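Biologist: I have a chain open on my screen and would like to talk it through with you. Could we go over it together?
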Amino acid sequence: MSMFRIFDVSGSAVSAQSQRLNVVASNLANADTVAGPDGQAYKARQVVFQTALMDAGGDPASSAGVRVSTIKEDASPGRRVHDPKHPAADAEGYVTYSNVNAVQEMVDMISASRSYQNNVEVMNTAKNLLQKTLQMGQS
């Protein structure tokens, strides 16, 4: 496997984690939103990763990256709170909020952030190794 394939593998992970962070940001932004006039509240979204085999010189199994295969909506019902004075309350006095769990989203954000940082560190280490290899030929 070429040393340059490391950048492809880590780059795919950085891209996938970036998309995951975007979804987490969207979920957190809508954590306390209520159902609109259509009665539908925001549904939390989850990123699903998939292994992406990378063809390296005819051997597709030599390296594998990651990619986002799909973004799914969480089908669980939204949180219902009895608040008859709220402007978005239904006929029974309940307000339907989104089904976003802010604690779970924070855990996902930390996990995605750490993974992103680790893959950037892998690319920096590979870059330093390549530079050291080139310097060996100069002396």
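This is a predicted model: local features need pLDDT of at least 70, side-chain atom pairs count only at pLDDT 80 or more; totals for chains, interfaces and linings use all residues.

Biologist: Which UniProt annotation covers residues 92-136?
Modeller: An unreviewed UniProt entry carries the annotation "domain: Flagellar basal-body/hook protein C-terminal" for residues 92-136.

Biologist: Which residues of helix 2 are buried?
Modeller: The buried ones are Glu 105, Asp 108, Ala 112, Ser 115, Asn 119, Met 123 and Ala 126.

Biologist: Let's switch to helix 1. Is Ser 12 buried or exposed?
Modeller: Ser 12, which lies in helix 1 (residues 5-29), counts as buried because its relative accessibility is 13%, and the cut-off for buried is under 20%. Apart from neighbours within four places in sequence, Ser 12 is in contact with Met 54, Gly 65 and Val 66.

Biologist: Then why does Ser 26 count as partly exposed?
Modeller: Ser 26 is also a residue of helix 1, but its relative accessibility is 25%, so it counts as partly exposed, a class that lies between the 20% and 50% cut-offs. Not counting residues up to four places away in sequence, Ser 26 touches Tyr 42 and Arg 45.

Biologist: How far apart are Ser 26 and Tyr 94?
Modeller: In sequence Ser 26 and Tyr 94 are 68 residues apart, while in space their C-alpha atoms are 25 Å apart.

Biologist: Zooming out, what pattern does the chain follow along the sequence?
Modeller: There are 2 helices and 4 strands in the chain, and read along the sequence they follow the pattern α-β-β-β-β-α.

Biologist: What is the radius of gyration of the chain, and what would a compact globule have?
Modeller: The chain has a radius of gyration of 22 Å, whereas a compact globule of 139 residues would have one near 14 Å. Along its principal axes, the C-alpha trace spans about 80 × 30 × 20 Å, and buried residues make up 25% of the 139 residues.

Definitions and conventions:
Residues are numbered from 1 along each chain as its sequence is written. Side-chain values use heavy atoms; hydrogens and water are left out. Buried means under 20% relative accessible area, exposed over 50%, partly exposed in between (1.4 Å probe, protein chains only). Contact means heavy atoms within 4.5 Å. UniProt positions are given in the numbering used here, feature names are shortened, and annotations may be inferred rather than shown by experiment. The radius of gyration is taken over C-alpha atoms; the globule rule is 2.2 Å times the number of residues to the power 0.38.
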